[in-house]
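Subject: Structure for your review

Dear colleague,

Please find below the structure that I am handing over to you.

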Amino acid sequence: MLQDDLPERDLTRFVLPELGRLHETGNPWAPYQLLDQESAVVEPVRVYFTELQAADNPATTIRSYGMDLLRWWRFLWALDIEWNRATRADARDFARWMRIADKPQRLHWRYRKAGYTTETAPKAKTGRKKTPGVPNAITGKASPGPKYSARTRAHCETVLRTFYAFHLEEGTGPIINPFPLDRSRRSGRANTHHKPDQPFRRERAGRYRPTIPQRSPRRIPDEMFNALFAALRHNRDRALLAFWVSNGARAEELLTSRQHDALPGQQLLGVTRKGSREYQQLPCSTDAFVWLRLYQEETRRAGVPVGKSLPMWWTLRRPWRPLKYDAARAMFNRANDLLGSNWSLHDLRHTASYRLARDPDMPLTDVQWVLGHAYLSTTQLYLPASQDEVIERVRAHHARRAQHRERTPAQPAPGYNPDSLKTLFGNSW
């Protein structure tokens with residue numbers, strides 16, 4: 001019997017168990033480890049993490065891959081399947097489960113420590129009710145829904161396919177890859193007849209890889225950004241937003257700056273790039289350095305550690321700790337809650353990218369350098385008008401047509417005498 005002809009597994013009542021965890025070690029040689037139910041290291045994943053690190057992948061990539069592998073391992077543990085005996089039918093059922101089932105509810109670490117479960121944990125009290133999957137009335141962005149998004153499922157499929165491909169080459173995995181390529185893409189070399197003037201096409205699609213909808217980057221309109229900026233309460237937060245929206249750095253890149261990286265006289269701020277891990281000085285607006293100076297004066301009087309090699313951004317309360325991405329996102333979300341919006345920190349990078357790319361005096365190659373894009377085609381995504389700009393132009397188009405109809409009288413159909421129609425209907429015709 002072929003594997004594809006096996007009877008379907010009933011997954012209608014399947015619940016992914018919360019077994020194992022991804023552990024951050026703090027060791028640069030092994031930044032993350034996948035642990036099983038007994039806190040033992042999962043050896044196949046450890047070897048794969050070593051391969052990822054040797055291929056010059058940062059720790060953030062290892063963590064991202066580890067979360068997908070943890071989800072797959074929990075699926076195998078629940079069905080009592082060994083990782084190297086998983087079949088394509090198992091991979092097929094896993095892909096079906098991720099497409100149809102709801103995401104498991106994550107319990108806050110404080111509730112887990114107190115012994116609560118997802119059923120007994122107190123409900124969080126928020127000022128505004130957020131409906132999952134419904135577009136926000138202000139931003140037009142849909143909040144995360146209860147299902148796994150297509151991008152999450154596609155990323156998970158890619159991770160698992162490359163994981164099994166690695167062990168297949170090493171001879172330590174199953175005989176066949178449970179996550180194969182699409183039937184029409186298995187034979188032949190990808191982009192065999194590629195033309196130099198055409199972009200490369202993705203011809204190595206996975207068999208269980210979903211189709212990812214194309215979406216354009218969303219910028220924050222100027223009036224909404226001003227409202228967000230006014231909702232902030234601390235000079236540190238104002239300085240962060242001013243830098244994010246002026247230099248186009250990623251949120252986590254800006255948090256890598258040290259106190260000696262700020263050069264107000266040259267309007268430069270040094271950051272460490274996410275992908276290449278290279279140090280780069282980015283030009284910033286003068287307003288950003290004004291807010292930074294106000295924040296530094298506050299920290300000096302409050303007793304925040306001062307040193308050229310120390311982090312630039314710190315928490316607002318004792319004990320002083322370097323500001324991390326999660327804390328910065330929480331700060332931004334508090335401003336969102338006041339306005340009822342759901343902008344993200346990465347939308348600030350999109351906003352800066354749009355402002356730079358739409359400037360006619362700014363060469364696109366310069367914008368590419370500032371944003372740190374490897375390919376110019378990525379920077380070109382910011383050349384077309386954004387969604388809110390298109391909507392405003394279409395509204396203006398309909399308004400012009402309505403005004404034109406009011407100014408231009410309707411012409412009678414051929415064969416009708418205009419004077420007779422005026423006698424019947426009056427001068428309004």
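In what follows, helices (H or I, at least four residues) and strands (E, at least two) are DSSP runs, numbered from the N terminus. Please bear in mind that this is a predicted model.

Overall composition

By that definition, the protein chain holds 15 helices and five strands. The chain has 429 residues, of which 36% count as buried. Among contacts between residues at least 6 apart in sequence, 60% join residues that are at least 24 apart.

The hairpin

Strand 1 (residues 21–27) and strand 2 (residues 30–35) run antiparallel and are joined by five bridges. Together they form a hairpin, with two residues between them. As an example of the pairing, Arg 21 has Leu 35 of strand 2 as its bridge partner.

How do helix 2 and helix 3 lie relative to each other, parallel or perpendicular? The axes of helix 2 (residues 59–79) and helix 3 (residues 88–100) cross at roughly 115 degrees and come within 11 Å. Angles of 65 to 115 degrees count as roughly perpendicular, and the two helices are therefore roughly perpendicular to each other. The crossing of helix 2 past helix 3 is right-handed. On the side of helix 2, the contact is made by Arg 71, Trp 72 and Phe 75, while helix 3 contributes Asp 90, Ala 91, Asp 93, Phe 94, Trp 97 and Met 98. Of the residues in this contact, six are nonpolar, three are charged and none is polar.

An open sheet is built from three strands in the order 3-4-5, and their pairing is antiparallel. Strand 3 (262–263) and strand 5 (279–283) are at the edges; each has a single partner strand, so one side of each has no neighbour in the sheet. Two bridges link strand 3 to strand 4 (residues 268–272), and Ala 262 has Leu 269 of strand 4 as its bridge partner.

A buried loop residue

Met 312 belongs to the loop between helix 9 (286–302) and helix 10 (325–339). Is this residue buried or exposed? Residues under 20% relative accessible area count as buried; Met 312, at 4%, is therefore buried. Leaving aside neighbours within four places in sequence, its contacts include Ala 262 and Leu 269, as well as Ser 257, Leu 292 and Tyr 295. Met 312 and Leu 323 are 11 residues apart in sequence, and their C-alpha atoms are 8.7 Å apart in space.

Yours sincerely,
A colleague

Definitions and conventions
Residues are numbered from 1 along each chain as its sequence is written. This is a predicted model: local features need pLDDT of at least 70, side-chain atom pairs count only at pLDDT 80 or more; totals for chains, interfaces and linings use all residues. Side-chain values use heavy atoms; hydrogens and water are left out. Axes are lines fitted to C-alpha atoms, for helices over the stretch in contact, and angles run from 0 to 180 degrees between N-to-C directions. Angles under 35 degrees count as roughly parallel, over 145 as roughly antiparallel, 65 to 115 as roughly perpendicular and the rest as oblique. A crossing is left-handed if the near helix is turned anticlockwise from the far one by less than a right angle, and right-handed if clockwise. Contact means heavy atoms within 4.5 Å. Ala, Val, Leu, Ile, Met, Phe, Trp, Tyr, Cys and Pro count as nonpolar, Asp, Glu, Lys and Arg as charged, and the others, Gly among them, as polar. Two strands pair if DSSP finds at least two bridges between them. Buried means under 20% relative accessible area, exposed over 50%, partly exposed in between (1.4 Å probe, protein chains only).
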